[in-house]
Amino acid sequence: MNSKQRLVVVGNGMVGQRFLEALPAGSPDFNTQVFGAEPRAAYDRVHLSSLFSGATPEDLSVVTPGFFRRSHVQLHLGQEVLAIDRGAHTVRTARSVVPYDTLVLATGSYAFVPEVPGKDRPGCFPYRTIEDVDAIRAGASGARVGVVIGGGLLGLEAAKALKDLGLETHVVEFAPRLMALQVDDPGGSLLRRRIEDLGVRVHVAKSTRAIRDGESARHRLEFADGTTLPADVVVFSAGIRPSDGLARACGLAVGPRGGIAIDDTCRTSDPDIYAIGECALWNGRTFGLVAPGYRMAQVAAAHIQARLDAEASGPLPMFTGADMSTKLKLLGVEVASLGDAHAASPGARSYAFIDERRQVYKKLVVDSEGRRVIGGVLVGDAGSFGEWQQMMLNDMPLPEAPEDLLMPPRDGVRPAAAGLAALPETATLCSCNNVTKGDLCRAIEGGCTTLAGIKDCTRAATTCGGCAPLVTQVLKAELARKGLEVDNNVCEHFPFSRQQLFHLVKVGRIESFEDLLARHGRGLGCDICKPAVASILASCWNGFVLGRGLAALQDTNDYFLANMQKDGTYSVVPRIPGGEITPEKLIVIGTVARRYGLYTKITGGQRIDLFGARVHQLPQIWRDLVDAGFESGHAYGKAMRTVKSCVGSTWCRYGVQDSVGMAIRLENRYRGLRAPHKIKLAVSGCTRECAEARAKDIGVIATERGWNLYVCGNGGVKPRHADLFATDLDDATLIRYIDRVLMFYIRTADRLQRTASWLENLEGGLDYLRQVVCEDSLRIGEELEADMAAVIASYECEWKKAIEDPLTLARFRHFVNSDAEDDGVAFERERDQIRPRAQAVTP
């Protein structure tokens, strides 16, 4: 093995980062230095517009914490490489000259801004980086009208950004239709109608000649046809160009229209310099999608590593081009384009379907012999994209009636030639991470039986997520083919999943474990099914969990309405809605703690936990707290626990809404709600996010126009940020959406499944959940709201119920046949409070 090679990477975007990840972790072969012109490490530029709707730059990061330290990579941020000296094998920045043995150019692309007079006026912005987003947001303050110049993919993303900022939004496109490269005239016409229905005004066949001082707005756009358009903010999103300036300056071969020329190994005209991503030109083509860039990164990493390893054997990967098919959602409208979308190939034929009522357009392009798919366009419904793409990429034969691929199945039967079984093992299903059907099948063979497991094992569907439906289909088909049935039955006594049991209880109006067991189960039940059924009964009917026939079903915590600790004592957590508490109530808690000799601790959920209570003391403690106006905080139950908040607009100079008031409203609304697992909420009064709402099952973050709603996050062993679900909601819509999300989760989740895991395994994921909740696609919205209303109306404090019922009180004793206390509990003092006495360890 040679001594360490000096590897320099110019650019730390998504592709540059993927190249670093493709190198052997912590490889001793390289002394690696990375130079990034931007002030932050690699982030997801594809989802840049999410910054306008509540996401943070940290949310977009694609760098796992500690990556550079673990990989021994030196990262230099905010240091643009100014020149390459190929003869001396060095790169120069404003601060240093750095030698290299191998150089990788991952410089990406830049936003193309047409040479229009006035393009540099204040209030005119490119749209490419996080800094551009910050500038646009600042420029939109006090503005009324925003105009995007460019009606392609990036232009429509920029239009969404301006709309999210609350501006009257216009899109100006030079071509006669939107997305001229991806869709044809009928598709473009339907896309325009759908986008205009959302409130965005579209102007096509417009050539911008100048931007000048405006009268009713800051600017006036002047067009070649003599018309004008007022604008306060102008965003240029008219395409991208490869960042090849360094390569040109040092004499590397570049294309006539830009791009650093590379061969199949991603090597440039200099054998010691590689180029990957949007800056690279292969066979006269540049690639503006992330998936081809990722493939280049893998190829370059493999060949650079092989140069150092004389014993390397076996074929190395090559870059042989990439499928430029795209599927995305623009302003909420599904759009997909694949292959020869315009039927430009000699002899190409087209099948088309248009539904004006549903605003759906589909076009399938086949070869001259009518045997193979060579392209397609989908607008309004892109559900067929995965199947069509795989048929095209794998040269699969068309069914006898190709029009069946556009229409619903005849007699409910899919065409024989269509389907996953016909796909070869080498078919790439996730192009972002180069995951084949064979990779998925091997993961399933190795024990992955859920979508979440497949994601963890293969990385499929973890980047853009577009392949998730296809990956799910493969998972189901392979499990069926192998005869591997996923047993999601609750236990041996019930041959049903929790979701099925919930529906049996709800539809059959079953109110007891014995009735459910008699109708749908067998045996006597166990410690698994009893608490699960108890939770379902509580979710459906909201009865007292220690009521007739229910107490015996509960686990220890629910049985005693308190959390058992390691020494056999219990903790008591009274509800403090929104974390707001009066001095008088604080004194009550202190008095109770002192009276019963309890340890006190402020929790992460903005409550006060009282530890060290013995069983016989629990009703006495509850009575003292209830008499002072406290309720059970349900810290012991699989239920809604707490709603954390910041002080919001009431006190904080940055707050834009009353976060405390909303938190108290939500906590009082959902108190006592029983669920498959614990539920935590938080409300932040501004985007500074002091309440950490994005780490909660339900997170609410204030905006100047309302509330942004986030769903299905959690902390714990496997932390997950909540996903942005809806933006700028008024109070009533926010609460309606939360009602529906929570009740849908309660209906459909598995036993002991957190909301994060539930969403990851929910077929259709976040988009499907939005359809169910926001669009009421299943027509159950009113039913979900009615179920929540019934829970709210029947709420009773469980502590109050317990201390008022003599039969319940009778169980709060250490011994069934004696009033004696447990003398096995012992404490010692530490920091002026009690703690369990340390146990001596027997050697």
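Biologist: Which strand is S571 found in?

Modeller: Strand β29, residues 570-572. Strands here are DSSP runs of E with at least two residues, helices are runs of H or I with at least four, and both are numbered from the N terminus. Before we go on: this is a predicted model, where local features need pLDDT of at least 70, side-chain atom pairs count only at pLDDT 80 or more, and totals for chains, interfaces and linings use all residues. Residues are numbered from 1 along each chain as its sequence is written, and side-chain values use heavy atoms, with hydrogens and water left out.

Biologist: Is S571 buried or exposed?

Modeller: Buried means under 20% relative accessible area, exposed over 50%, and partly exposed in between, using a 1.4 Å probe and protein chains only. S571 has 3% relative accessibility, so it counts as buried.

Biologist: And what does S571 touch?

Modeller: Contact means heavy atoms within 4.5 Å. Leaving out residues up to four places away in sequence, S571 touches A562, N563, Q565, D609, L610 and F611.

Biologist: How do I read a helix, say α12?

Modeller: An α-helix has 3.6 residues a turn, so residues three or four places apart point the same way. The expected span is 1.5 Å times one less than the number of residues. Helix α12 (residues 468-481) has 14 residues and reaches 20 Å from first C-alpha to last, close to the expected 20 Å.

Biologist: Which residues of α12 are buried, and what do they pack against?

Modeller: The buried ones are A468, L470, V471, T472, V474, L475, E478 and L479. They pack against α9 (385-393), β26 (428-430), α10 (437-445) and α11 (451-458).

Biologist: How many salt bridges does a search of the whole structure find?

Modeller: Side chains of opposite charge can pair when their charged atoms come close. The cut-off for a salt bridge is a side-chain nitrogen of Lys or Arg within 4 Å of a carboxyl oxygen of Asp or Glu. By that rule, the search finds 52. One of them joins E21 and R459, with the closest N and O atoms 3.7 Å apart. That pair links distant parts of the chain, 438 residues apart: E21 sits in helix α1 (residues 14-22), R459 in the loop between α11 and α12.

Biologist: How far apart are the closest N and O atoms of D739 and R669?

Modeller: They are 2.7 Å apart, in a salt bridge. D739 lies in helix α20 (residues 731-748) and R669 in helix α19 (residues 659-670), so the pair ties together parts 70 residues apart in sequence. D739 is buried at 3%, while R669 is partly exposed at 27%.
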